[in-house]
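Trainee: Hi, could we go through this one together? I'd like to talk about the fold and a few side-chain contacts.

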Amino acid sequence: MSLVAVLGALSGCASTTIDVTGQALQAPLCGSASAASASASVAVLWGPLWRPDQKEPPLREAAALKGIQQFFATQRCLRDVAIQRIAIPAQAERLSDAALLDMAKTLTPHADKVILIVIRELGPKLRIGLPTLVEGGTEVVVDVRVVDAQRQVREATVQTHWQMGGPFYVKGVKTLDQDMQAALASVFVAPFATSHPP
(Lines give C-alpha, C1' and ligand atoms only; values in the text may rest on other atoms or scores of the structure.)
Protein backbone atom coordinates (compact mmCIF):
# COMPACT_ATOMS: atom_id res chain seq x y z
CA MET A 1 0.00 0.00 0.00
CA SER A 2 2.82 2.41 0.83
CA LEU A 3 4.32 1.92 -2.66
CA VAL A 4 0.99 2.81 -4.25
CA ALA A 5 0.81 5.95 -2.13
CA VAL A 6 4.33 6.99 -3.13
CA LEU A 7 3.65 6.40 -6.83
CA GLY A 8 0.42 8.37 -6.56
CA ALA A 9 2.24 11.27 -4.95
CA LEU A 10 4.96 11.22 -7.59
CA SER A 11 2.42 11.51 -10.40
CA GLY A 12 1.80 15.11 -9.30
CA CYS A 13 -0.01 17.87 -11.11
CA ALA A 14 1.56 19.94 -13.85
CA SER A 15 1.04 23.51 -14.91
CA THR A 16 2.45 25.44 -17.84
CA THR A 17 4.20 28.78 -17.57
CA ILE A 18 5.33 30.85 -20.52
CA ASP A 19 7.59 33.87 -20.36
CA VAL A 20 7.90 35.71 -23.68
CA THR A 21 10.11 38.79 -23.96
CA GLY A 22 11.28 41.00 -26.80
CA GLN A 23 9.65 42.41 -29.92
CA ALA A 24 6.66 40.17 -30.70
CA LEU A 25 5.03 39.63 -34.07
CA GLN A 26 2.35 42.22 -34.81
CA ALA A 27 0.48 39.97 -37.26
CA PRO A 28 0.19 36.21 -37.94
CA LEU A 29 2.68 34.59 -40.29
CA CYS A 30 0.20 34.58 -43.12
CA GLY A 31 -1.23 38.03 -42.52
CA SER A 32 -4.62 36.77 -41.36
CA ALA A 33 -5.35 34.56 -38.38
CA SER A 34 -8.26 33.04 -40.29
CA ALA A 35 -6.46 32.40 -43.57
CA ALA A 36 -7.83 29.08 -44.80
CA SER A 37 -5.83 28.58 -47.98
CA ALA A 38 -2.10 28.29 -48.41
CA SER A 39 -0.76 31.76 -49.06
CA ALA A 40 2.74 32.18 -47.67
CA SER A 41 6.17 30.65 -48.01
CA VAL A 42 8.73 30.55 -45.20
CA ALA A 43 12.35 29.53 -44.80
CA VAL A 44 13.12 28.24 -41.31
CA LEU A 45 16.77 28.31 -40.22
CA TRP A 46 17.42 26.66 -36.88
CA GLY A 47 20.25 25.53 -34.68
CA PRO A 48 21.21 24.85 -31.07
CA LEU A 49 23.25 27.01 -28.74
CA TRP A 50 23.61 24.58 -25.84
CA ARG A 51 25.23 25.26 -22.49
CA PRO A 52 28.68 23.59 -22.14
CA ASP A 53 27.42 20.74 -19.92
CA GLN A 54 24.37 19.89 -22.05
CA LYS A 55 23.53 16.19 -21.93
CA GLU A 56 22.74 14.20 -25.09
CA PRO A 57 22.73 17.01 -27.66
CA PRO A 58 21.95 14.68 -30.62
CA LEU A 59 18.80 13.36 -28.92
CA ARG A 60 17.61 16.88 -28.14
CA GLU A 61 18.38 18.15 -31.63
CA ALA A 62 16.41 15.30 -33.18
CA ALA A 63 13.44 16.12 -30.95
CA ALA A 64 13.79 19.83 -31.74
CA LEU A 65 13.78 19.20 -35.49
CA LYS A 66 10.76 16.90 -35.23
CA GLY A 67 8.91 19.53 -33.19
CA ILE A 68 9.77 22.29 -35.67
CA GLN A 69 8.66 20.15 -38.62
CA GLN A 70 5.41 19.17 -36.93
CA PHE A 71 4.61 22.74 -35.88
CA PHE A 72 5.04 24.23 -39.36
CA ALA A 73 3.23 21.27 -40.95
CA THR A 74 0.11 22.24 -38.96
CA GLN A 75 0.13 25.84 -40.23
CA ARG A 76 -2.37 25.43 -43.06
CA CYS A 77 -1.83 28.91 -44.44
CA LEU A 78 1.75 28.07 -45.44
CA ARG A 79 2.10 26.74 -48.97
CA ASP A 80 5.83 26.08 -48.74
CA VAL A 81 8.10 25.53 -45.73
CA ALA A 82 11.84 24.92 -46.12
CA ILE A 83 13.70 23.92 -42.95
CA GLN A 84 17.49 23.93 -42.62
CA ARG A 85 19.83 23.44 -39.65
CA ILE A 86 22.60 26.04 -39.52
CA ALA A 87 25.59 26.73 -37.27
CA ILE A 88 24.74 29.38 -34.69
CA PRO A 89 27.56 31.68 -33.55
CA ALA A 90 28.14 32.02 -29.79
CA GLN A 91 26.61 35.49 -30.01
CA ALA A 92 23.52 34.66 -32.06
CA GLU A 93 22.63 38.34 -32.51
CA ARG A 94 25.78 38.71 -34.62
CA LEU A 95 24.07 36.67 -37.30
CA SER A 96 22.70 39.58 -39.31
CA ASP A 97 19.33 39.73 -41.03
CA ALA A 98 21.16 40.12 -44.35
CA ALA A 99 23.08 36.88 -43.71
CA LEU A 100 19.82 35.07 -42.89
CA LEU A 101 18.21 36.33 -46.09
CA ASP A 102 21.21 35.12 -48.12
CA MET A 103 21.02 31.65 -46.51
CA ALA A 104 17.29 31.48 -47.12
CA LYS A 105 17.71 32.16 -50.83
CA THR A 106 19.48 28.82 -51.23
CA LEU A 107 16.44 27.07 -49.68
CA THR A 108 13.57 28.90 -51.25
CA PRO A 109 14.42 31.91 -53.42
CA HIS A 110 10.98 33.49 -53.06
CA ALA A 111 10.29 33.06 -49.33
CA ASP A 112 7.92 35.60 -47.86
CA LYS A 113 9.50 35.32 -44.42
CA VAL A 114 12.72 33.99 -42.95
CA ILE A 115 12.54 32.56 -39.44
CA LEU A 116 15.56 31.93 -37.23
CA ILE A 117 15.08 29.58 -34.27
CA VAL A 118 17.93 29.31 -31.77
CA ILE A 119 17.44 26.53 -29.22
CA ARG A 120 19.08 27.19 -25.87
CA GLU A 121 17.34 24.59 -23.72
CA LEU A 122 15.15 21.58 -24.47
CA GLY A 123 14.75 18.89 -21.89
CA PRO A 124 13.49 17.56 -18.62
CA LYS A 125 14.37 19.13 -15.31
CA LEU A 126 14.26 17.69 -11.82
CA ARG A 127 14.86 19.44 -8.51
CA ILE A 128 15.07 17.54 -5.23
CA GLY A 129 15.02 19.39 -1.93
CA LEU A 130 13.11 22.04 -0.03
CA PRO A 131 10.54 23.53 -0.14
CA THR A 132 9.16 20.67 -2.30
CA LEU A 133 10.78 17.25 -2.02
CA VAL A 134 10.53 16.58 -5.75
CA GLU A 135 9.73 19.11 -8.48
CA GLY A 136 10.13 18.32 -12.15
CA GLY A 137 8.92 18.84 -15.67
CA THR A 138 10.30 19.98 -19.00
CA GLU A 139 11.43 23.32 -20.35
CA VAL A 140 12.15 24.92 -23.69
CA VAL A 141 14.15 28.11 -24.17
CA VAL A 142 14.24 29.45 -27.72
CA ASP A 143 15.12 32.70 -29.43
CA VAL A 144 13.00 33.43 -32.50
CA ARG A 145 13.66 36.07 -35.13
CA VAL A 146 11.33 36.78 -38.06
CA VAL A 147 12.44 38.77 -41.10
CA ASP A 148 10.15 39.84 -43.92
CA ALA A 149 12.15 38.69 -46.94
CA GLN A 150 10.28 40.84 -49.43
CA ARG A 151 10.63 44.12 -47.53
CA GLN A 152 13.90 43.06 -45.80
CA VAL A 153 12.52 44.26 -42.46
CA ARG A 154 12.79 42.51 -39.10
CA GLU A 155 9.32 41.74 -37.75
CA ALA A 156 10.12 40.06 -34.45
CA THR A 157 12.90 39.17 -32.02
CA VAL A 158 11.54 37.07 -29.18
CA GLN A 159 12.90 34.88 -26.41
CA THR A 160 10.49 32.31 -25.04
CA HIS A 161 10.92 30.30 -21.85
CA TRP A 162 8.24 27.59 -21.87
CA GLN A 163 7.90 25.27 -18.86
CA MET A 164 5.55 22.48 -17.88
CA GLY A 165 5.88 20.89 -14.47
CA GLY A 166 5.27 21.15 -10.79
CA PRO A 167 5.65 19.42 -7.46
CA PHE A 168 5.97 15.64 -7.67
CA TYR A 169 5.77 15.77 -11.47
CA VAL A 170 8.49 13.72 -13.14
CA LYS A 171 8.74 13.71 -16.92
CA GLY A 172 11.26 12.21 -19.32
CA VAL A 173 12.39 13.02 -22.86
CA LYS A 174 9.60 11.31 -24.84
CA THR A 175 7.52 14.46 -25.35
CA LEU A 176 10.31 16.94 -26.18
CA ASP A 177 9.08 17.33 -29.75
CA GLN A 178 5.60 18.23 -28.44
CA ASP A 179 7.14 20.66 -25.96
CA MET A 180 9.02 22.30 -28.83
CA GLN A 181 5.76 22.66 -30.75
CA ALA A 182 4.08 24.24 -27.73
CA ALA A 183 6.91 26.74 -27.31
CA LEU A 184 6.66 27.75 -30.97
CA ALA A 185 2.90 28.07 -30.67
CA SER A 186 3.41 30.55 -27.83
CA VAL A 187 5.25 32.79 -30.33
CA PHE A 188 3.31 32.26 -33.56
CA VAL A 189 -0.22 31.21 -32.55
CA ALA A 190 -1.13 32.23 -29.00
CA PRO A 191 -0.83 36.01 -29.49
CA PHE A 192 -3.44 35.87 -32.27
CA ALA A 193 -5.78 33.23 -30.86
CA THR A 194 -9.33 34.34 -30.16
CA SER A 195 -10.55 34.35 -26.61
CA HIS A 196 -13.46 32.09 -27.55
CA PRO A 197 -13.10 28.33 -28.04
CA PRO A 198 -13.57 27.09 -31.62
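Predicted model: local features only at pLDDT ≥ 70, side-chain atom pairs only at ≥ 80, totals over all residues.

Trainee: OK, what is the mean pLDDT of the protein chain?

Mentor: The mean is 83, and 78% of the residues reach 70 or more. pLDDT is the predictor's confidence in each residue, from 0 to 100.

Trainee: And which elements have the lowest and the highest mean pLDDT?

Mentor: Helix H1 (residues 2-11) has the lowest, at 39, and helix H2 (residues 57-73) the highest, at 96. Over residues 1-11 pLDDT stays under 50, and the model has seven contacts for them beyond four places in sequence; contact means heavy atoms within 4.5 Å.

Trainee: How many helices and strands does the protein chain have?

Mentor: There are four helices and six strands, running α-β-β-α-β-α-β-β-β-α from the N terminus on. Helices (H or I, at least four residues) and strands (E, at least two) are DSSP runs, numbered from the N terminus.

Trainee: What about contacts between residues at least 6 apart in sequence?

Mentor: Of those, 76% join residues at least 24 apart.

Trainee: Switching to burial, what share of the chain is buried?

Mentor: Buried residues make up 42% of the 198 in the protein chain. Buried means under 20% relative accessible area, exposed over 50%, and partly exposed in between (1.4 Å probe, protein chains only).

Trainee: Now the aromatics: how many pairs does a search of the whole structure find?

Mentor: It finds three aromatic pairs. In one of them, the rings of Phe71 and Phe72 have centres 5.1 Å apart and planes at 85°, so this pair is edge-to-face. Rings of Phe, Tyr and Trp (its six-membered ring) pair if their centres lie within 6.5 Å; planes under 30 degrees apart count as stacked, over 60 as edge-to-face and the rest as tilted.

Trainee: Are those two buried or exposed?

Mentor: Phe71 is buried at 3% relative accessibility, and Phe72 is buried too, at 2%. Together with Phe188 they form one aromatic cluster.

Trainee: What sits over the ring of Trp46?

Mentor: The charged end of Arg85 does, 5.8 Å from the ring centre. The rule is that NZ of Lys or CZ of Arg is within 6 Å of the ring centre and within 35 degrees of the ring normal.

Trainee: How many salt bridges does the structure hold?

Mentor: Twelve, where a salt bridge is a side-chain nitrogen of Lys or Arg within 4 Å of a carboxyl oxygen of Asp or Glu. One of them joins Asp148 and Lys113 at 4.0 Å, N to O. Asp148 lies in strand E5 (residues 134-148) and Lys113 in strand E4 (residues 113-128), 35 residues apart, and both are buried.

Trainee: What about Arg120 and Asp143?

Mentor: Their side chains meet in a salt bridge at 2.6 Å, N to O. Arg120 is in strand E4 and Asp143 in strand E5, so the pair ties together parts that are 23 residues apart in sequence. Arg120 is partly exposed at 26%, while Asp143 is buried at 17%.

Trainee: And which residues are linked with Lys113 in a network of salt bridges?

Mentor: Asp148, Arg151 and Glu155.

Technical notes: Residues numbered from 1 in each chain as written. Heavy atoms only, no water.
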